[in-house]
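Me: I would like to go through the helices of a model with you. Please keep it brisk.

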Amino acid sequence: MFSLATLFEDSALTPHGFCLAWDPLMIALHVVSDGVIALSYYSIPATIGVLLLRRRDVAFGWMGWLFALFILACGTSHLMSIWTLWRPDYLAEGLVKGVTAITSFLTAAVLWPLLPRLVAMPSLASLLAANERLADQVRETERAVVALKRETAERKGAEAMLRQSQKMEAVGQLTGGIAHDFNNLLQVVQANLEALSCRLASDDSALRYVRRAMSGVQRGARMTSQLLAFARRQPLTPTVFDAGCRINEMADLLRSTLGGQITLALPERTGVWPVEADANQFDSALLNLAINARDAMPEGGALRVALEDTRLPEEELAADPELEPVRYVAVTVSDNGSGMAEEVRRAAFEPFFTTKPVGQGSGLGLSQVYGFIKQSRGHVILESSAGQGTTITLYLRRVEVPATIDGQAAT
Ligand SMILES: Nc1ncnc2c1ncn2[C@@H]1O[C@H](COP(=O)(O)OP(=O)(O)OP(=O)(O)O)[C@@H](O)[C@H]1O
Ligand SMILES: [Mg+2]
């Protein structure tokens with residue numbers, strides 16, 4: 001019966017060392033050489049095994065295992081060569097060689113058909129280049145996405161501005177119609193009150209009632225005039241004036257309106273800033289803005305009025321087809337007061353919109369500013385956010401070559 005022991009029972013044969021005449025040098029040479037080869041052959045499959053276990057994605061991994069097995073068998077056959085120097089177990093050695101032959105044959109046989117696929121495998125350099133190209137494409141896509149997002153935001157902004165200006169237009173037409181009829185009614189009431197006061201010249205107590213009625217009519221007239229201004233139906237008397245001079249002439253009025261707790265900075269009287277508009281309406285607009293700023297800074301603060309010779313921002317021109325790309329004098333009024341929440345900012349120009357308590361604000365100040373500027377073919381931009389103060393810029397059309405302004409030649 002065959003057992004493992006029978007492999008090592010070739011006592012009739014001569015050990016290999018006998019052929020070497022037991023020459024110690026020859027024996028040592030064979031032992032050292034075969035030993036080093038065997039150790040190396042055992043080390044290589046160990047490395048391959050660790051690599052394949054850690055990198056399971058390596059292409060043709062099974063081929064690596066086959067190769068490792070083949071080298072392992074080679075190593076064992078060299079160990080057997082050392083063994084047979086003293087022990088003539090040539091059957092065992094032959095069997096080890098047989099296993100080596102099978103694994104080497106298999107390895108050699110599969111390598112040839114595999115060769116085209118191995119040759120076709122991309123090199124590390126080409127993989128790195130492909131990776132770089134891919135990274136470029138990703139970067140380009142990211143840039144395109146950012147640009148798309150920016151364009152979408154710009155388009156949404158322009159649409160919102162257009163919707164707002166259409167809404168103001170519609171509200172203006174409605175308000176204008178009502179204010180016009182209401183104004184006619186007030187004139188009838190006023191004329192009759194005046195006639196009545198002539199008749200009652202000697203009756204002081206009756207005249208008191210008439211005077212109260214008259215002051216009510218005048219308040220109503222002021223409101224309708226603001227409404228007409230918003231609706232752009234206020235009769236205007238445009239003149240050419242220097243915005244810088246006009247603002248500085250209002251300095252005292254503005255200071256007394258703002259009170260001692262608010263500092264006022266006005267534009268320096270350098271350059272000439274000729275604009276064409278109704279000067280009195282301009283004064284009212286500036287005063288309205290100063291009053292609003294004062295109300296927004298109950299604890300004090302700073303109001304700054306600045307001037308600039310400029311053009312309209314591109315996004316404003318794009319959003320409103322009625323605007324013209326001409327030169328404007330921009331009058332900027334900024335405060336560092338409470339600022340406006342988003343919903344207040346959106347509605348601020350609408351007539352009767354106010355956040356002030358009943359009796360403290362009618363919500364017509366900014367409507368007058370808006371209507372006057374629009375009727376003067378200018379533009380107004382409101383920038384504000386809660387806690388960040390407010391900046392309102394009035395764009396008045398700049399007159400290119402006025403003959404004289406307030407007695408001085410224009411530059
Ligand atoms: N500089 C500002 N800072 C903060 N909020 C402001 C400012 N200007 C205007 N507002 C807000 O806009 C609203 C509308 O202003 P607008 O001048 O039209 O009306 P009003 O000041 O309330 O009343 P009126 O001017 O008719 O007396 C105000 O109630 C306020 O909430
Ligand atoms: Mg106001």
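Me: Which helix is included in what covers the buried residues of α5?

Reply: This is a predicted model, where local features need pLDDT of at least 70, side-chain atom pairs count only at pLDDT 80 or more, and totals for chains, interfaces and linings use all residues. Residues are numbered from 1 along each chain as its sequence is written, while chains are lettered from A and ligands numbered from 1 in the order in which they are written. Helices are DSSP runs (H or I, at least four residues), numbered from the N terminus. Glu-93, Val-96 and Thr-100 of α5 are buried (20 or more other C-beta atoms within 10 Å of a residue's own; exposed is 12 or fewer, partly exposed in between; C-beta atoms are placed from the backbone), and their cover includes α4 (61–86).

Me: Is Ala-92 buried or partly exposed?

Reply: Ala-92 belongs to helix α5. It has 18 C-beta neighbours inside 10 Å, so Ala-92 counts as partly exposed.

Me: Where in α5 does a kink lie?

Reply: The bend is the angle between axes fitted to the seven residues ending at a residue and the seven starting there. In α5 a kink of about 55 degrees lies shortly before the proline Pro-116, at Leu-114.

Me: At what angle do α9 and α10 pack?

Reply: Axes are lines fitted to C-alpha atoms, over the stretch in contact for helices, and angles run from 0 to 180 degrees between N-to-C directions. The axes of α9 (residues 251–258) and α10 (residues 279–296) are 9 Å apart, and the helices pack at about 25 degrees.

Note on methods
Helices (H or I, at least four residues) and strands (E, at least two) are DSSP runs, numbered from the N terminus. Two residues are in contact if their C-beta atoms, placed from the backbone, lie within 7 Å.
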